[in-house]
Structures are given as structure tokens and as C-alpha cells.
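Colleague: I would like to learn how to read a model like this one. Please take me through it feature by feature.

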Amino acid sequence: MPATNTKHGPPPLRIRQRRDFLAAARGVFRPMPCVVVQMRKRADNGPARVGFTVTRKIGKAVVRNRARRRLREAVRLLPREMLRPGHDYVFIARDATPTCDFTTLMQQVRNALKKLNAGKGHVSRPRAKGGKRSLSS
RNA sequence: CUGGCCGGCCGGAUGGCCGCCGGGGCGUUCGCCGGUCUUCGGACCGCCGGGCGUCCUGGAGGAAAGUCCGGGCUCCACGGAAACAGGGUGCCGGGUAACGCCCGGCGAGGGAAGCCGCUGGCGCACGCCUUGUCACAGGGUGCGCCGGGGCGAACCUCAGGGAAAGCGCCACAGAAAGCAAACCGCCGGGCCGGCCCGCUCAUCAGCGUAUCCUUUUGGUGCGCGGCAGGUGGGCACGAGCGGCCCGGCAAGGGUGAAAGGGUGCGGCAAGAGCGCACCGCGCCCCUGGCAACAGGGGCGGCACGGCAAGCCCCACCCGGAGCAAGGCCUAAUAGGGACGGCACGCCCGGCGAUUGCAGCCGGGCAGGGCGUGUUUCCGGCCCCGCCGUCCGGGUUGGCCGCGCGAGGCGCAUGGCGACAUGCGUCCCAGAUGAAUGGCCAUCCCCCGCCUCCUUGCGAGGUGGCGGACAGAACCCGGCUUACAGGCCGGCCAGUAUC
């Protein structure tokens, strides 16, 4: 792969399969006012992957699209080294995601990743029943 | 100009930086295949597929929404016929692939200003009438105001077939709810009821009383008095009023969604289609119209209340499921195994070196099955024999379906129009944990605040996590619902001016 000279690098690989989302939910997570970030260490050491979860609770289709796009843009503008290889990251939209200020949203994403990468994540409790069905990307 | 309505269209604009998905070109690299050359190492060319780089290009809506109708497409092999069941539609004609949609027409309701004295009330006026004059009163006529009724434009609404085929229902209220009837009321008749004086007074109201009864202001007896009542005489004798009875009526009141045609005049004891005029309604005829229907004439004096969105009747239409359809890729929608039941027939050809038996393969008959609401039938189609039960196997990966279409735009022609035909031109989203975005600047619009003055539909400044509803998911035609702000056009009525 030729080296890129852009600041952010190419967009990381996307998580698209349900089982990967369920696996990430079993990892550690970090809630912020506008976003919740989940992280999971994979068995391999391949490039980092990211996924987005926007539930119907957030709003109708237009609002959900907007929330997902803002999260995706915020992740794209991250420095490359914040997403460590061999890990999966899932960004979950909250009620404030579509409306909050974009710079604070980016700041929260960055802070959450810093904490997680420093090993300061909350361990998620296994839920008795399966997680709710969600629409994400 | 004022007022009342209707339709169409748009749905922020421009630019910068960084991104996402599709398509295409070029370059590069890898792989498969084919060809040419070869010193057998390979080199070159072409095609297809993938990665990377770079450039060009396209990328949400009028409702993408609700998923309510109608289709295309796919599968249930296919096509056809009949009956029944179930569902839908419902004025007429047209448009359309089709529709519950659209257009045109019809009918019924609603509909402003205004018009009609048709009706009630109030006010004013009068060479009018009752009345010779004046006043008053009543009536008449005219005008004004208010209320009622009728006629009213554009336009709006209509679940707009049938209620003299049948069944059923019509709550509450009301006298009465479907077959006539009569609560208040109106009218006629009969009887009674007037005032004054007198007499009488059993029973009854009032007062008084008691060797009476009794818990009692009560009962009972007697007396007074003369009320009601009865009766005699005198006065008034007409009308009205009241009560009861008999009869006539259905105008008015009141109830209701609805009360047995409406309005007016005549008529009458009072009334009533009782009679008449107009309107409505029913039947018949004529005329116009493809038709719904309309107009006219005649007859009928009114019979036939409403609800079919309760059942029902009539006419017409309709098979089911849905792109998670369906197909391809890998073992993978194909077929395997076990048990039970019923059948286990015939003929022809071939294989088996030959003949016979058993077997296998192909074909035919018979038999069986299928035909997606059910049943039946016809042409057909299917069958390691058929049927049933069970075991085991399968779906959530990738690719196709999946973007040239009842397509958009323009012009012409035909048509009142929906629309049709012809010509030209354009190619216009294809995601799938789901692309079309993030940030910034300027302008536009909106809201708040401040300042200025020539006070206004004004200018300037400043702030705003202000910019409607809302995101394609197989595709079209409709309907319905949501929506900030804005643009354009048209219709009708009245008024003013030319």
C-alpha cells in the first residue's frame, strides 16, 4: 500500500457484520455526553476497524442519518495513531449527537479514545437477554 | 379598487477546503486464458477479473412518508370453462395498462353582497276607508329598521344503484315513530255556574257547651249562627269567562334526526287538497340528449316517512403470495435413510456373447398424482410406483435480479378536457450495519435588541445550537397525510371611471 501524505489517512475499515458488533459490545466502553465508544481487542493484529450504531430511539430516518454522518466525520478527522491496530471501535449515537456542537463532539470522541487506549474503560456487564436490534453502519 | 374563491410552480443561492458511493478514461501492478516469437530462461500482444494512483463525470423528494388502491415483474408448471364461497366497486359518458384515480356532464345539499313585503314586530307618513267635520282608535297603502322565509355567483361537499322483493331497526324526548292517532289547543252543541232580598239548613266549615268516651289540641251529643249547599222572589239577559259531557278539526304550540307535501288565496263553526294558483311528488305521452337527465303537455288531490355505513337484492370486477419474490456460486433445494399401508400388471425395442429366468435402460398402455379458496370438467403436465409419519440435510455470506422506463423535456396536430398521435432531443441515484456529507465565508429570508432620521412596506449596526416537512431500498400510476417561506396565473360578485 503506498504511503499517504494526508494528515488523517484513509478511512479505517468498517465493521458491517452483526457478530462483530455483538463482540464489540462485550468489550470495554466509555460514555460521553454526545457519544458512547466501545473498544474490543481482536485476536489478530490487523488494521483497526470502526463501526457506528444509531438506534431508532434517536429519531426518524433523517435524524439518524445526520447522527451517523457526524460520527463518521468526527472519526475520519482523528489522528491515525488514536485507532490502534488489532482493535475494533464502535461509536454509538446518543440523543445529543445530531445537535451538539461539532468541535465538542470531536473533543469527546478524542477524550474517550484516549481513556480507552490508556486502559481506563468500563467493563460491560453481560446482559441476560440479547441486545436490542439497532440500525447502524 | 373592495370582497369571496380556485389552480399551477418553487422548496434557499454562490464559492473554498476536506471526504463518501456509482460509472468511465489513462497509467501501473498481480492473476487466469488465448496468440506470436524464442537463445527454452523468457519476451511481447490481446481479452477478462482484482488492487493502487490520477483525471473526468453523475449522485434523494414533492411528498422519497403512510403502505390505502391499481399495475409491471417473479414463483406457486401452463391455459380454459362452470358452480359455490369470500372480497371489492356503485349517477352517466369518456381517459387510461389498470384503478376505489383523472376529465367532462347530471342530480342533490351548501354558498356573499344583493333581490323578492311572502311573513312577524316597531317607527314614520297619508287629498285613502270606518265618519259630514275634527280628534282618537282600528283598518288600508307607502317607506325605513330588525327578525323569519324564499331566490342568489364563482366555488365547495356528496358512502350519489335498489326502501311499491322481503326481514329488521327508529334510542332519548314526545300524546303519538309507521298506523295512524290527539297532550295542550281551536270550533259547535248540551248541562251547570250571575247579582240582590228572604226562607231553610239533615250532612259539612265556624263558635260555644258537657253527670259522655279518651293519653291528647281528639271523638261524640246538644245548642248558637248562618258559610258552602238547597230553595222562593226581584233585577240582568247579550256576549264573554269557567267547569263537566258529547261531537267536529289537525291550522298553531311543544318533543324529536324525522310528525302523513310547501307557500299564498279562497273557504269554513273551526279547520283540512275541502277548492284554486304556483312549486314539489307519482304515473303516462311528446321533444332534446349516446346516457345520467332536462324541458313541455296531460292525468292523479297526495297514495309512497327514514336507515341498505343492519341483513339483503341487482349490475360489474377480482387466484394466492411477495424482491427476505426468484435465481446463480460452494456439498447445497438436490436428494438420502427408516417405518407402516396400498399396489408390485401388460406390450414393444435394446444391453446382458446365444436361449430362458432374474436384472438394467428407453418407450407405450393401464394405474396414480398435480392443477395454491373449495368442488367439478376439458386440453395438458408430472411420476428412482403411490400415500402417510419420522430422522438427517437447508435460510440469515457473495453475485445476479437492479436501473431504457406505461421515462423526462420541447414542438406540432386532434380534443372543452383528462389524454392521444407524430417528430425532435436527453440518459437522469443505485446504497445493502445501508453513499449523496462535515466545516467555513458571502448573500437571501425570518426573529430579538440598539442607533439614526426625511417616521416608514425606511436606513445602518449587532446577536441567533434561526432556515418547514422530511432520506430512495424492485419499479411505475394514483390517493392520503406533513410542510417555513415565496412566485405566477385564473374565476365570480359589487362599486367607480373611460
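Modeller: Start with V37. Two residues are in contact if their C-beta atoms, placed from the backbone, lie within 7 Å. Leaving out residues up to four places away in sequence, V37 touches F29, R30, Y89, F91, V109, A112, L113 and L116. This is a predicted model, in which local features need pLDDT of at least 70 and side-chain atom pairs count only at pLDDT 80 or more, while totals for chains, interfaces and linings use all residues. Residues are numbered from 1 along each chain as its sequence is written, and chains are lettered from A and ligands numbered from 1 in the order in which they are written.

Colleague: Which residues of the largest nonpolar core touch the most other members?

Modeller: A nonpolar core is a set of buried Ala, Val, Leu, Ile, Met, Phe, Trp, Tyr and Cys residues joined through C-beta atoms within 7 Å. Buried means 20 or more other C-beta atoms within 10 Å of the residue's own, exposed means 12 or fewer, and partly exposed lies in between, with C-beta atoms placed from the backbone. Here the largest such core has 27 residues, and V35, V37, L71, F91 and V109 touch the most other members. Among the elements supplying at least two residues each are strand 3 (35–41), helix 2 (61–76) and strand 5 (87–93). Helices (H or I, at least four residues) and strands (E, at least two) are DSSP runs, numbered from the N terminus.

Colleague: Why is strand 3 described as largely enclosed?

Modeller: Because 5 of the 7 residues of strand 3 are buried, the rest of the structure largely encloses it.

Colleague: How many bridges join strand 3 to strand 5?

Modeller: Two strands pair if DSSP finds at least two bridges between them. Strands 3 and 5 run antiparallel and are joined by 7 bridges; K41 has H87 in strand 5 as its bridge partner. Strand 2 (residues 28–31) is also antiparallel to strand 3, with 4 bridges, and F29 stands opposite Q38.

Colleague: Which residues of helix 2 are buried?

Modeller: They are R64, A67, R68, R70, L71, A74 and V75. Taking the directions from the helix axis to the C-beta atoms, these buried residues fall within an arc of 160 degrees, so they line one face of helix 2. On the other side, A61, V62 and E73 are exposed.

Colleague: Where does pLDDT stay under 50?

Modeller: pLDDT is the predictor's confidence in each residue, from 0 to 100. It stays under 50 over residues 1–9, and is below 50 over residues 126–137. Where pLDDT is low, the predicted coordinates should not be read in detail.
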